[in-house]
Amino acid sequence: MTGPGRRGGVPRPSVTRWGALGSVGVLTAAAVLAGCGGGSSGDDGKKEYAIGFQGPLSGDNQQLGINAYDGVLTAVELANRRKDLPFRLRLVASDDQGMAEQGPTAAQKLIDNPEVIGVVGPVFSGPTKSSEPLYSGAGLLSVSPSATNPALTDLGFTSFYRVIAPDTVQGSAAAEYLAKVVKADKVYSLDDRSEYGTGLSGALEKALTGRGIRVIHDGINPTKDYTSQATKILAENPDAVYYSGYYEELALLTRALRSKGYTGKVVSGDGANDDQLIHQAGAGNAEGTLLTCPCGDPNSDPAAAGFVADYKTINADARPGTYSGEAYDATNAVIEVLRRLGSGATREAVLARFGSVDIPGVTKRIRFRKNGEVEGSTVYVYEVRAGKRAVLGPVSSLVRP
């Protein structure tokens, strides 16, 4: 996943594909892009706005952030090709490494840049919770493509929206799939003790218990050796293990479980739904792993073929990954508000108008409830088959008799 972003037929590229930079280039890229300005005029005389991005662009689970960044980049590049928009866009990225303690610093960098008119992100729930008080205080719109902790829309944030369903939805759907398809009687629910992990495990366990399934709850901070954890799990002999956390840790856990001879189902959520899981666990260890996600796969959706083609052209032939489509939709929602406001947009005006957005998206129709939750949701199940993630379909279809 290398190579610069490209803009067909448009002079003076304004953005760069993050995958080409790697973690070493994070600070340099942010500095260059931030200096390009959103309030000035470009060579074509159009006013320029900056769209911010906050997410993990380095660290153990950076691929999910890169997926989202590349989705934002695709939307920005395509917008800059349009003739009907009275402005041009630039993309300013701020890396929070997916860590809650890094969230406020990353958010403040975007807040302090007066040219940033709105932000797509944060990507992970921990940095979202720690960053949103700053965004709300600054009156700067923040639209997450992927932060799913259920409590995030109940904490009084005044500038927060998300285009993905909360984990109350995913947890309920996952429990239904485990009950009706996996036919599990006993589930070992393990989380990484993060905002994301505890939110998902809590929703899952409540739904499992409601279906009469025995649940063993456990939590473990991310580590590099899951041998003792695997031993604990095997002692309980569960029909399935559901891990609420990210792919880096699930890969290590899966390797430990398989090395111990565990033959039950290994299941996880959207935070582990990336090809990096297979690369890091090894195809043999990952084979048969099930993944739930309130996100479909644009690569297998005929209706998203145009988006996939544009994404690959702009992002050095990379395919959209988990959260790419959601980030693309979130960015286009911001662009639609800017289109309505024209060349006189301000942070205050963008935030005031965003709640009335109603546009067709790649992942779903993008329109919001008053609390910032997106309307409509579908949870899908993926399975690792022959070394690749395959979409089995929506839970609602898979659980039918």
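Tutor: We will go through a sheet, a helix, salt bridges and aromatic pairs in turn.

Tutor: This is a predicted model, in which local features need pLDDT of at least 70 and side-chain atom pairs count only at pLDDT 80 or more, while totals for chains, interfaces and linings use all residues. Residues are numbered from 1 along each chain as its sequence is written, and side-chain values use heavy atoms, with hydrogens and water left out.

Student: In what order do the five strands of the open sheet lie?

Tutor: Helices (H or I, at least four residues) and strands (E, at least two) are DSSP runs, numbered from the N terminus. Two strands pair if DSSP finds at least two bridges between them. Here the order is β2-β1-β3-β4-β5, with parallel pairing. β2 (87-95) and β5 (160-162) are at the edges with a single partner strand each, so one side of each has no neighbour in the sheet. On average, neighbouring strands are turned by 25 degrees against each other, direction ignored; axes for such angles are lines fitted to C-alpha atoms, for helices over the stretch in contact, and angles run from 0 to 180 degrees between N-to-C directions.

Student: How many bridges join β3 to β4?

Tutor: Two bridges join β3 (residues 116-120) to β4 (residues 142-144). Val-120 stands opposite Val-143 in β4.

Student: Which strands does helix α3 touch?

Tutor: Contact means heavy atoms within 4.5 Å. Helix α3 (residues 103-111) packs on the sheet and touches β1 (47-55), β2 and β3; its direction makes about 180 degrees with that of β1. Helix α4 (residues 125-138) also packs on the sheet, touching β1, β3, β4 and β5, and its direction makes about 145 degrees with that of β1.

Student: What span should helix α2 have?

Tutor: The expected span is 1.5 Å times one less than the number of residues. For the 18 residues of α2 (residues 62-79) that gives 26 Å, and the end C-alpha atoms are 26 Å apart, which agrees. Buried means under 20% relative accessible area, exposed over 50%, partly exposed in between (1.4 Å probe, protein chains only). In α2, 17 of the 18 residues are buried.

Student: How many salt bridges are in the whole structure?

Tutor: A salt bridge is a side-chain nitrogen of Lys or Arg within 4 Å of a carboxyl oxygen of Asp or Glu. The search finds 17. One of them joins Arg-90 and Glu-48 (3.2 Å, N to O). Arg-90 is in strand β2 and Glu-48 in strand β1, 42 residues apart.

Student: Is Arg-90 buried or exposed?

Tutor: Arg-90 is buried, at 3% relative accessible area, and Glu-48 is buried at 2%. Another salt bridge joins Asp-84 and Arg-82, with the closest N and O atoms 2.8 Å apart. Asp-84 is partly exposed at 48%, and Arg-82 is partly exposed at 33%.

Student: What describes a pair of aromatic rings?

Tutor: The distance of the centres and the angle of the planes describe the pair. Rings of Phe, Tyr and Trp (its six-membered ring) pair if their centres lie within 6.5 Å; planes under 30 degrees apart count as stacked, over 60 as edge-to-face and the rest as tilted. The count here is 10 aromatic pairs. Among them, Tyr-161 and Phe-368 are edge-to-face, with 5.1 Å centre to centre and 70 degrees between the planes. Tyr-161 lies in strand β5 and Phe-368 in the loop between β12 (365-367) and β13 (380-385), so the pair ties together parts 207 residues apart in sequence.
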